[in-house]
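Subject: Structure for your review

Hello,

Here is the structure I said I would pass on. My notes follow below it.

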Amino acid sequence: METFESLVRAEFTPKNTYLNTASSGLLPARAVAALDAAVRLRAEGRPLDPLFADVETCRAAYARLVGVPVERVAAGT
């Protein structure tokens, strides 16, 4: 059975425990993997379409949650 602790250990691999600000937290493993994939796309000169597809999926999910048309949901940097 998975526990909260085992899930956290699977996502976070700190080398030390010094975190002195809320704006500089650890990245979960899935975010590191996504960033790595995005950087590789850029480095290899491949189209970035897969990255935009994820944004559109998120926009659509948020629109469903709040009950508005997807066109009313903006995505920014």
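Glu11 is found in helix α1, residues 4–11; helices (H or I, at least four residues) and strands (E, at least two) are DSSP runs, numbered from the N terminus. This is a predicted model, in which local features need pLDDT of at least 70, side-chain atom pairs count only at pLDDT 80 or more, and totals for chains, interfaces and linings use all residues. Residues are numbered from 1 along each chain as its sequence is written, and side-chain values use heavy atoms, with hydrogens and water left out.

Glu11 is buried, at a relative accessible area of 16%. Here buried means under 20% relative accessible area, exposed over 50%, and partly exposed in between (1.4 Å probe, protein chains only). The side chains of Glu11 and Arg30 are joined by a polar contact of 3.0 Å. A polar contact is a pair of N or O atoms within 3.5 Å; within protein, one must be able to donate a hydrogen and the other to accept it, and residues adjacent in sequence count only if both atoms are side-chain atoms. Leaving aside residues up to four places away in sequence, Glu11 touches Leu27, Pro28, Ala29 and Arg30, where contact means heavy atoms within 4.5 Å.

Leu26 lies in the loop between α1 and α2 and is partly exposed, with a relative accessible area of 39%. From Leu26 to Met1 there are 25 residues in sequence and 25 Å in space, C-alpha to C-alpha.

Next, helix α2. The helix has 16 residues and reaches 22 Å from its first C-alpha to its last, close to the 22 Å expected at 1.5 Å a residue; the expected span is 1.5 Å times one less than the number of residues. Ala43 is in helix α2 and counts as exposed, because its relative accessibility is 66%. Ala43 and Glu71 are 31 Å apart in space, C-alpha to C-alpha, and 28 residues apart in sequence. Just after α2, Gly45 has a positive phi of about 70°.

Helix α3 covers residues 49–66, and its end C-alpha atoms are 26 Å apart, in agreement with the 26 Å that its 18 residues should span. Asp49 belongs to helix α3 and is exposed, at 54% relative accessible area. Asp49 is 35 residues from Pro14 in sequence and 32 Å from it in space, C-alpha to C-alpha. Arg59 is also placed in helix α3, but Arg59 counts as buried, because its relative accessibility is 17%. The side chain of Arg59 reaches the backbone oxygen of Val73 at 2.7 Å. Arg59 touches Val70, Glu71, Val73 and Ala75, again not counting residues up to four places away in sequence. Just after α3, Gly67 takes a positive phi of about 75°.

Last, the pockets. On a 1 Å grid over the protein atoms alone, a pocket is an open set of points where a 1.4 Å probe fits, with protein on both sides within 12 Å along at least five of seven lines; lining residues have an atom within 4 Å of a point. The largest pocket has a volume of about 150 Å³, the volume being the space filled by probe spheres set on the points, which are joined across faces, edges and corners. Its lining consists of Ala31, Ala34, Leu35, Ala38, Leu51, Phe52, Asp54 and Val55. The elements that give two or more residues to this lining are α2 (29–44) and α3. By type, the lining residues divide into 7 nonpolar, no polar and 1 charged; Ala, Val, Leu, Ile, Met, Phe, Trp, Tyr, Cys and Pro count as nonpolar, Asp, Glu, Lys and Arg as charged, and the others, Gly among them, as polar.

Regards
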